[in-house]
Amino acid sequence: MLEPSPTIERLDAQPVNSAKVRQPLYAPRRKIFPKRTQGRFRSFKWLVMAVTLAIYYLTPWLRWHRGPYAPDQAVLVDLANRRFYFFFVEIWPQEFWLVAGLLVMAGFGLFLVTSAVGRAWCGYACPQTVWVDLFLVVERAIEGDRNARIKLDAATWSTHKLVLRITKHAIWLAIAVATGGAWIFYFADAPTLLVDLVSGTAAPVAYLTVLVLTVTTYAFGGLMREQVCTYMCPWPRIQAAMLDEHSLTVTYNDWRGEPRSRHAKKAAAAGKSLGDCVDCNACVAVCPMGIDIRDGQQLECITCALCIDACDGVMDRLGRERGLLSYATLADYNANMAVATAGGTVAPDPSRVRGADGRLRPDLAHVGPRKVVRPRTLVYFAAWSLVGLLLLYGLLSRDRLEVNVLHDRNPQYVGLADGSIRNGYTVKLLNKIPEPRTIVVTLQGLPEAEMSVVGLDQPADRAFAVRVEPDRQKTLKVYVAQPAAAIAGTVQTFRFVVEDKSSFESDSYTANFEAPQP
Ligand code: SF4
Ligand code: SF4
């Protein structure tokens with residue numbers, strides 16, 4: 001006899017992606033039309049934008065006199081001669097640790113800024129933010145503010161729309177070309193390269209670089225905008241790990257904003273306690289990322305604070321305190337929410353955060369400079385400063401005259417007809433100043449030894465002088481020979497000492513002299 005089968009419960013679940021319900025892999029972009037706003041953060045952003053763009057476009061045109069033997073461009077990446085010039089600093093390939101150190105400093109600086117003030121880099125100084133802002137200035141100047149742009153976008157094609165669109169895209173392309181052009185000026189003498197570019201005689205790689213940067217600037221700044229931050233940039237994901245409850249982020253203070261209402265008078269007449277948010281959506285309309293910060297912290301938020309400016313304007317018009325949207329820490333937010341909910345025992349009541357006079361209570365937590373100074377930011381600052389000081393020390397104490405020596409390996413030594421033993425060396429003299437100088441190379445140790453230099457018309461001796469061109473390395477083939485009677489083992493050490501008698505700079509290299517078993 002068959003056992004009765006157990007009852008199996010049927011769960012109420014549907015596949016989110018199946019043959020019947022196929023989700024598209026690509027979601028079309030919904031256009032964002034950020035509204036122009038005014039306020040202290042917008043003004044600060046204008047300032048940062050002007051300074052960063054001026055630095056980018058003008059730096060290659062700054063001159064810095066380094067004498068007749070070095071380029072006079074203040075900032076130059078001279079790939080052909082493998083040099084990097086930055087005002088009074090000249091970096092050789094061997095000194096690339098300086099650039100690596102600067103990158104480490106930039107990393108610590110980014111950690112420091114992020115832990116202190118959240119994604120300030122994203123909101124104010126990131127090139128993507130700056131160029132999108134610049135492209136938006138052009139767009140607003142030609143097509144108008146948010147409502148006019150929405151209307152134009154929805155309108156059918158007409159001569160008027162075509163003219164506006166062509167003008168906008170032409171200016172965007174001009175900015176993109178200027179951006180690509182400015183980049184290559186960092187890699188060659190800017191005035192000369194400009195003439196070459198215009199006359200069509202520049203290297204093909206110069207035109208190719210301008211083309212690539214033009215296309216990327218136009219696409220990222222004009223067409224893709226917020227999508228670059230949301231989908232392409234890894235920083236929003238990384239920065240989440242660097243924030244803690246004391247980091248400043250743009251915050252909707254719902255402990256004073258909720259319940260929101262567009263009908264405050266009606267609600268007040270009905271005796272309802274309302275928050276400060278009048279649900280005007282001004283904060284949403286100005287957001288370049290197209291989000292509503294009242295939904296809480298979001299990956300898309302670049303903390304540009306334009307929503308704070310918009311909301312402050314609304315609060316000013318309503319005669320209420322600014323700061324419904326503000327830079328705040330999670331710790332402060334929680335403390336103020338505890339006040340609004342009487343320690344979490346009741347639902348948030350905005351009347352609890354106000355005193356008898358109707359003003360916000362003075363004991364509410366708010367941002368101050370002391371919030372930024374805390375152990376985590378101090379550790380980042382200490383690490384940043386330490387790397388900076390080490391770099392400065394390295395920069396100020398680095399040698400401008402160097403010698404490097406390579407011992408011949410095959411053969412390691414040669415026996416000469418008179419019984420003496422000879423070793424060969426490749427000696428590299430590095431003159432790192434933009435002036436020619438005469439370098440004296442001397443043998444120190446091996447008292448009976450003498451050296452001869454291939455190509456130098458001079459009898460074997462214990463010292464010789466050689467001219468090294470400015471900012472150049474000179475490679476010499478040097479033979480050191482010792483009489484058999486002076487050989488004191490299979491390996492003897494000695495030093496090549498190099499000196500510039502006029503500047504008293506010197507360097508030395510300890511080398512081995514090898515000989516066969518006696
Ligand atoms: S929510 Fe505010 S701070 Fe965040 S991106 Fe939008 S406007 Fe900027
Ligand atoms: S701007 Fe201020 S008042 Fe208006 S919806 Fe945004 S948070 Fe509310």
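**Reading a predicted model: sheets, helices and a ligand shell**

Modeller: This is a predicted model. One open sheet has four strands in the order E11-E9-E13-E14, and its pairing is antiparallel.

Colleague: What makes E11 and E14 the edges of this sheet?

Modeller: Strand E11 (463-468) and strand E14 (505-514) each have a single partner strand, so one side of each is left without a neighbour in the sheet. From one strand to the next, the twist averages 25 degrees.

Colleague: How do you know that E13 and E14 pair?

Modeller: Two strands count as paired if DSSP finds at least two bridges between them. Strand E13 (residues 491-500) and E14 have 10 bridges, in the antiparallel sense, and therefore they pair. One example is Glu499, whose bridge partner in E14 is Ser506.

Colleague: How many bridges join E9 to E11, and how many pair E9 with E13?

Modeller: Strand E9 (residues 437-444) is joined to E11 by six bridges, and the two run antiparallel. Between E9 and E13 there are five bridges, again antiparallel. Ile439 is opposite Val466 in E11, while Gln444 is opposite Arg495 in E13.

Colleague: Which strands form the open sheet of three, and in what order?

Modeller: The order is E1-E2-E3, with antiparallel pairing. Strand E1 (75-78) and strand E3 (89-91) are the edge strands, each pairing on one side only. Here the twist averages 10 degrees from one strand to the next.

Colleague: What makes E2 and E3 a pair?

Modeller: The cut-off is at least two bridges. Strand E2 (residues 83-86) is joined to E3 by three bridges, so the two count as paired, and they run antiparallel. Phe84 has Ile91 of E3 as its bridge partner.

Colleague: What is listed for Phe87 in the loop between E2 and E3?

Modeller: Its phi is near 50 degrees, which is a positive value in a residue other than glycine.

Colleague: Why are H2 and H17 called roughly antiparallel?

Modeller: Helix H2 (residues 97-117) and helix H17 (residues 375-397) pack at an angle of about 160 degrees. Angles over 145 degrees count as roughly antiparallel, so H2 and H17 are roughly antiparallel to each other. Their axes are 9 Å apart, and H2 passes H17 in a left-handed crossing.

Colleague: Which residues make the contact?

Modeller: Among them are Trp97, Leu98, Phe108 and Phe111 of H2, and Tyr380, Phe381, Trp384 and Leu391 of H17. By class, the contact has 16 nonpolar, six polar and one charged residues.

Colleague: Which residues surround ligand 2?

Modeller: The shell is made of Cys277, Val278, Asp279, Cys280, Asn281, Ala282, Cys283, Arg294, Cys311, Met315 and Leu324. Helix H13 (282-286) and helix H14 (306-318) are the elements that give two or more residues to this shell.

Colleague: How is the shell around ligand 2 divided by class?

Modeller: There are eight nonpolar, one polar and two charged residues. Cys counts as nonpolar, so Cys277 and Cys280 belong to the nonpolar class.

Colleague: What is omega for the cis bond from Asn410 to Pro411?

Modeller: Omega is near 5 degrees for that bond. Pro411 lies in the loop between strand E6 (401-407) and strand E7 (414-415).

How values were computed:
Residues numbered from 1 in each chain as written. Chains lettered and ligands numbered in written order. Predicted model: local features only at pLDDT ≥ 70, side-chain atom pairs only at ≥ 80, totals over all residues. Heavy atoms only, no water. Near = heavy atom within 4 Å. Axes fitted to C-alpha atoms, helices over the stretch in contact; angles between N-to-C directions. Parallel < 35°, antiparallel > 145°, perpendicular 65-115°, else oblique. Left-handed = near helix turned anticlockwise from the far one by under 90°. Contact = heavy atoms within 4.5 Å.
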